[in-house]
Amino acid sequence: GFKTVKSNVLYIDKELVSNQHASRLKSIANNFNTGKPNNIFYYRDDKPLIESTVLHEFIKSNQIGLVILDSFGFAFGDKLSGKKLDKVFEFLNGLNTTVYIVDHKTKMGKLTGSERKRDYARSVIDVTLDEKQGNSIIMNFDQSKHNFGELQDNIKVKMAFAPNQKNPTS
């Protein structure tokens, strides 16, 4: 496998509002008895991400090792293709750190927008709902592309929800 390195994380949210993110993070931290992490940063801006004038400097000055972008469609638009798509990936590569992109599929299981997004990715993990069980769900994580070696085995993760809540508790 690859060496795991602890680093600061920047969560770029283009879907939710900050209090929802904070609530989910607190729930996860409480469940794992870790306390509130001090190395996870949150960024929300209603402007298109590619127009950000502060992001590069923030990543550099806070030594961000991982950017989580949720989600591609909300950050850049689903109808990107050709040179516009090239510009987006130039922007992401220019962040000079690892970027994990959430890119939702349609109900039919297809990517929205250009299939070329997959070509740019070095690794692709498809996440699907495997099963619902009362207040829990089982998610399937299936790596379908990996540029640096063999595909990893599928992983199933069970997430339990507190009664009458939508946020996972374990």
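In which strand is the place of Asp142?

Author: Asp142 has its place in strand β6. Before going further, keep in mind that this is a predicted model.

Let's start with how open that spot is. Asp142 comes out at 28% relative accessibility. Buried would need a value under 20% and exposed one over 50%, so Asp142 counts as partly exposed. Setting aside neighbours within four places in sequence, Asp142 is in contact with Val124, Ile125, Asp126 and Asn154.

Now slide along to Ser136. Strand β6 covers residues 136-146, and Ser136 sits in it. Here the relative accessibility is 6%, so Ser136 counts as buried. Apart from residues up to four places away in sequence, Ser136 touches Glu131, Lys158, Met159, Ala160 and Phe161.

Zooming out, the chain has five helices and seven strands. Their order along the sequence is β-α-β-α-β-α-α-β-α-β-β-β. The radius of gyration is 17 Å, close to the 15 Å that the globule rule gives for 170 residues, so the chain is as compact as a globular protein of that length. For a box size, think roughly 45 × 35 × 35 Å along the principal axes, going by the C-alpha atoms.

A few whole-chain numbers go with that picture. Of the 170 residues, 28% are buried. Take the contacts between residues at least 6 apart in sequence: 56% of them join residues at least 24 apart. The chain exposes about 11800 Å², with carbon and sulfur atoms supplying 52% of that area. On the charge side, there are 25 positive and 19 negative side chains, and the centres of the two sets lie 3 Å apart.

Next, the aromatics. The count comes to six aromatic pairs. One of them is Phe41 with Phe58, an edge-to-face pair at 5.5 Å centre to centre, with 85° between the planes. This pair links distant parts of the chain, since Phe41 is in strand β2 (residues 40-43) and Phe58 is in helix α2, 17 residues apart. Phe41 has 24% relative accessibility and counts as partly exposed. Phe58, at 30%, counts as partly exposed too.

Phe89 and Tyr120 make another pair: their ring centres are 4.2 Å apart and their planes are at 0°, so this one is stacked. Phe89 lies in helix α4 and Tyr120 in helix α5 (residues 116-120), so the pair ties together parts that are 31 residues apart in sequence. At 9% relative accessibility, Phe89 counts as buried, whereas Tyr120, at 30%, counts as partly exposed. Both rings belong to one aromatic cluster formed by Phe72, Phe76, Phe89, Phe91 and Tyr120.

Last, some backbone spots to check in your viewer. Most residues other than glycine have a negative phi, and most peptide bonds are trans. Against that background, the bond joining Asp70 and Ser71 is a cis peptide, with omega about 5°. Ser71 is found in the loop between β3 (64-70) and α3 (72-76).

Then there is Gln63, a residue other than glycine with a positive phi, near 50°. Gln63 is found in the loop between α2 (55-61) and β3. Its relative accessible area is 64%, so Gln63 is exposed. Asn96 also has a positive phi, about 55°, although it is not a glycine. You'll find Asn96 in the loop between α4 (82-93) and β4 (98-102). With a relative accessible area of 68%, Asn96 is exposed.

To come back to where you started: Asp142 is in strand β6, and its contacts beyond four places in sequence are with Val124, Ile125, Asp126 and Asn154.

How values were computed:
Residues are numbered from 1 along each chain as its sequence is written. This is a predicted model: local features need pLDDT of at least 70, side-chain atom pairs count only at pLDDT 80 or more; totals for chains, interfaces and linings use all residues. Side-chain values use heavy atoms; hydrogens and water are left out. Helices (H or I, at least four residues) and strands (E, at least two) are DSSP runs, numbered from the N terminus. Buried means under 20% relative accessible area, exposed over 50%, partly exposed in between (1.4 Å probe, protein chains only). Contact means heavy atoms within 4.5 Å. The radius of gyration is taken over C-alpha atoms; the globule rule is 2.2 Å times the number of residues to the power 0.38. Accessible areas come from the Shrake-Rupley method with a 1.4 Å probe; for residues, only the protein chains shown count as cover. Lys and Arg count as positive and Asp and Glu as negative; His and the chain ends are not counted. The place of a charge is taken as NZ of Lys, CZ of Arg, CG of Asp or CD of Glu. Rings of Phe, Tyr and Trp (its six-membered ring) pair if their centres lie within 6.5 Å; planes under 30 degrees apart count as stacked, over 60 as edge-to-face and the rest as tilted.
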